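Reader: Could you walk me through how to read a structure like this one, feature by feature?
Author: Gladly; let us look at it together.

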Amino acid sequence: MHGEYKVPGGKLVVVDLDVIDGRLANFRLAGDFFLEPDTALEAIDNAVNGLPAEADAATIAAAVRGALPEGATLLGFSPEGVAVAVRRSLARATSWRDYDWQIVHSKAVPPVMQMALDEVLATEVGEGRRGPTLRIWEWDEPAVVIGSFQSVKNEVDAENAEKYGFDVVRRISGGGAMFMEAGSVVTYSIYAPADLVQGMSFADSYAFLDEWAIVALKSLGIDAFYQPLNDITSPKGKIGGAAQKRLGSGAVLHHVTMSYDMDGQKMTEVLRIGREKISDKGITSAAKRVDPLRSQTGMTRAEIIERMKQTFTQLYGATPGDITPEEYAAAEKLVAEKFGTPEWLYRVP
């Protein structure tokens, strides 16, 4: 069995192993990481050999850490990274390059249609009718997108939302509210087979699925990094946040919203955000704009998106795609039956 895991922000960890009588055997670790002393490699191999095949990632990582010689140095990887690679090999996980990716950057649609398209496209990927896809969202009207488990009245000031023309919609993934205006954010969704994240915890998969975006931001001169659980940030403040949903169809939906140039004052009027939440978003004054992408790059939103698409294509291979008429029709049906209904929006009042 063979498994690979590119540590987010680090190096590639490669493992080969067999399972004999329910235990790991003939284990071999390799990769482009750095490890001192040399004898530590053999110590890691010996620590993994003999472990039960059903051992979880924590057990494997503990065994590796316990076998390391005193003073051993691991650069670009960790015992946890080895454990993820082992679990991925046992689950026969896939990698990015195993798929023919499409990049969809299509027309703006109403906020409620954005919610429906996420479910439709993820389902289509899970059921094998669409290849894995990266979709860039476009907005031409304001909206608040709340997480699947958030309370509408706790998150949104209904009077101010109406005053400023903000539609309120609920997505299928968890996490916090997203404040959207035309031209103010960069939002993308990844629709992938669950095999791509096999052997990873939710926490591991967040950083794994967004590593390409970190690479793109760094290429623009932003010192971006991932802050667990689900934030993309920089020394100058938070840039964006991710949310994720695993579907029963066998797909993973992962989406991210990054701030380009938002009106911080308006956001605090529409969203019921306390002082701690404002601080978490990198806003020192509610009257200031939230503009980490614009201020740190000096580039237009379109230029940033183009660099992101180029980076994804260079790393994983991708071709331009689009949403089919059938997928739009399925999304419209979901709007009528689910996302556009009061029952869905106020399922947590």
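Reader: How many helices and strands does the secondary structure come to?
Author: Helices (H or I, at least four residues) and strands (E, at least two) are DSSP runs, numbered from the N terminus. Here the protein has 13 helices and 18 strands. Its radius of gyration is 22 Å, close to the 20 Å from the globule rule for 349 residues, so the protein is as compact as a globular protein of that length. That radius is taken over C-alpha atoms, and the rule is 2.2 Å times the number of residues to the power 0.38. Along the principal axes, the C-alpha atoms fill a box of roughly 65 × 45 × 35 Å.

Reader: What should I keep in mind about the model?
Author: This is a predicted model, where local features need pLDDT of at least 70 and side-chain atom pairs count only at pLDDT 80 or more, while totals for chains, interfaces and linings use all residues. Residues are numbered from 1 along each chain as its sequence is written, and side-chain values use heavy atoms, with hydrogens and water left out.

Reader: What percentage of the residues in the protein is buried?
Author: Buried means under 20% relative accessible area, exposed over 50%, and partly exposed in between (1.4 Å probe, protein chains only). In this protein, buried residues make up 53% of the 349.

Reader: Where is the place of aspartate 118, and is aspartate 118 buried or exposed?
Author: Aspartate 118 is in helix α4, residues 111-126. Its relative accessibility is 2%, so aspartate 118 counts as buried.

Reader: Which residues is aspartate 118 in contact with?
Author: Contact means heavy atoms within 4.5 Å. Leaving aside neighbours within four places in sequence, aspartate 118 is in contact with Arg135, Trp137, Ser189, Tyr191, Leu253 and His255. A polar contact is a pair of N or O atoms within 3.5 Å; within protein, one must be able to donate a hydrogen and the other to accept it, and residues adjacent in sequence count only if both atoms are side-chain atoms. The side chains of aspartate 118 and histidine 255 make such a contact, at 2.7 Å.

Reader: And what does tyrosine 99 touch?
Author: Tyrosine 99 is in the loop between α3 (79-90) and β6 (101-105), and is buried at 16% relative accessible area. Not counting residues up to four places away in sequence, tyrosine 99 touches Thr94, Pro132, Pro193, Asp195 and Leu196. With threonine 94, its side chain forms a side-chain polar contact of 2.5 Å. Leucine 196 is 97 residues from tyrosine 99 in sequence, yet 9.5 Å away in space, C-alpha to C-alpha.
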